[in-house]
Amino acid sequence: MSAKHPFHLVDPSPWPLFASWAALFMVCGGVMYMHGYEHGGLVLSMGFSMVLYSMVVWWRDVIREGTFQGLHTKQVQTGLRYGMILFIVSEIMFFVAFFWAFFHSSLSPTVDIGCVWPPKGIEAMNPWDIPLLNTMLLLTSGASVTWAHHAILAGKQREGVTALVYTVVLAAIFTGFQAYEYFEAPFTISDGVYGSTFYLATGFHGFHVIVGTLFLTVCTYRLAKGHYTGGHHVGFESAAWYWHMVDVVWLFLFVCIYYWGGA
């Protein structure tokens with residue numbers, strides 16, 4: 001019997017419960033590992049592997065529902081877009097916390113750090129070196145992902161795949177340069193409030209870059225397989241919005257933490 005409404009009633013799935021247990025194992029394992037408990041690393045690795053597996057199989061089912069079963073109607077796509085927007089807003093609030101901590105300490109440095117910012121004994125990084133290069137890489141990747149979006153809308157599949165490949169390569173180069181920057185940094189995360197705020201903000205941004213890179217890699221594969229059309233590409237739209245969020249957050253990091261915070 002055909003449905004009398006345009007919404008998708010999700011079939012029973014084991015993955016929400018499985019993902020919940022996986023997250024519990026990963027968190028407990030992380031706490032055990034950081035406190036030196038026996039087998040803590042094993043529990044952490046098992047939980048992390050379970051989380052990755054649940055992500056793969058759960059999103060696989062969503063892709064099947066939307067691509068092959070045709071269950072993602074216009075109304076369902078609208079709901080998915082709203083969900084992604086709310087998720088991005090929550091990610092922005094996540095980074096607001098780090099910027100709040102940074103400005104709380106930098107605008108009114110206490111006597112404990114010499115009443116100056118950067119604190120005494122901290123050699124800040126040169127913003128016009130790797131940070132500027134990474135800024136150019138991310139801005140270029142933002143342009144190429146927009147190029148891919150326009151190619152999908154125009155029905156130019158091969159051109160869209162090419163643009164996404166460029167985006168993924170630029171993202172990988174960005175991650176490589178950030179890893180090199182961390183390796184050569186003159187301070188560590190344990191060097192007071194400067195080190196902790198710097199590495200938490202830039203490190204979590206780097207983690208988001210890696211997640212976005214994986215997101216776009218999957219989109220590249222799906223586009224090459226013909227999963228996207230001009231009127232049905234919510235998965236790619238979500239990845240593109242996420243990537244633009246990563247770009248904008250990096251611009252704030254560059255201006256506030258690298259340039260102003262190191263001046």
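Predicted model: local features only at pLDDT ≥ 70, side-chain atom pairs only at ≥ 80, totals over all residues.
Colleague: How do H3 and H7 lie to each other, roughly parallel or roughly antiparallel?

Modeller: In general, a pair of packed helices is described by two values, the angle between the axes and the distance between them. The axes are lines fitted to C-alpha atoms, for helices over the stretch in contact, and the angle, from 0 to 180 degrees, is taken between N-to-C directions. An angle under 35 degrees counts as roughly parallel, over 145 as roughly antiparallel, 65 to 115 as roughly perpendicular, and the rest as oblique. In this structure, the angle between H3 and H7 is about 10° and their axes are 10 Å apart. H3 and H7 are therefore roughly parallel to each other.

Colleague: Which classes of residue make up the contact of H3 with H7?

Modeller: For such a count, Ala, Val, Leu, Ile, Met, Phe, Trp, Tyr, Cys and Pro are nonpolar, Asp, Glu, Lys and Arg are charged, and the others, Gly among them, are polar. The contact between H3 and H7 holds 20 nonpolar, 3 polar and 3 charged residues.

Colleague: How many helices and strands does the chain have?

Modeller: Both are DSSP runs numbered from the N terminus: a helix is a run of H or I with at least four residues, and a strand is a run of E with at least two. The chain contains 7 helices and 0 strands. Its C-alpha trace spans about 75 × 50 × 30 Å along the principal axes.

Colleague: What percentage of the residues count as buried?

Modeller: Buried means under 20% relative accessible area, exposed means over 50%, and partly exposed lies in between (1.4 Å probe, protein chains only). Of the 263 residues of the chain, 39% count as buried.

Colleague: Which residues touch the most other members of the largest nonpolar core?

Modeller: A nonpolar core is a set of buried Ala, Val, Leu, Ile, Met, Phe, Trp, Tyr and Cys residues joined through side-chain atoms within 4.5 Å. The largest one has 45 residues, and Leu164 and Phe236 touch the most other members. The elements giving two or more residues to this core are H3 (74-106), H4 (130-153), H5 (157-184), H6 (192-224) and H7 (234-260). H7 supplies the largest share, 14 residues.

Colleague: Which residues does Phe236 touch?

Modeller: A contact means heavy atoms within 4.5 Å. Leaving out residues up to four places away in sequence, Phe236 touches Val145, Ala148, His149, Ile152, Leu164, Cys219 and Tyr228. Glu237 lies in helix H7 and is buried at 11% relative accessibility. Beyond its neighbours within four places, Glu237 is in contact with Arg81 and His149.

Colleague: Is Gln77 buried or exposed?

Modeller: Gln77, in helix H3, is buried, with a relative accessible area of 4%. Apart from neighbours within four places in sequence, Gln77 contacts His72, Gly231, His232 and Val234. Gln77 and Val234 are 157 residues apart in sequence, yet their C-alpha atoms are 6.5 Å apart. Gly231 is located in the loop between H6 and H7 and is partly exposed, at 38%. With residues up to four places away left out, Gly231 touches Lys74 and Gln77.

Colleague: Where does the backbone hold a cis peptide bond, and which residues other than glycine have a positive phi?

Modeller: Most residues other than glycine have a negative phi, and most peptide bonds are trans. Here a cis peptide bond joins Trp117 and Pro118, with omega about 0°; Pro118 lies in the loop between H3 and H4. Residues with a positive phi include Cys115, near 60°, in the loop between H3 and H4, and His39, near 65°, in the loop between H1 (15-34) and H2 (40-68).

Colleague: How many disulfides are found in the whole structure?

Modeller: A disulfide is a pair of cysteine sulfur atoms within 2.5 Å. The search of the whole structure finds 0 disulfides. Among the cysteines, Cys28 is partly exposed, with a relative accessible area of 35%, and Cys115 is partly exposed at 46%.

Notes. Residues numbered from 1 in each chain as written. Heavy atoms only, no water.
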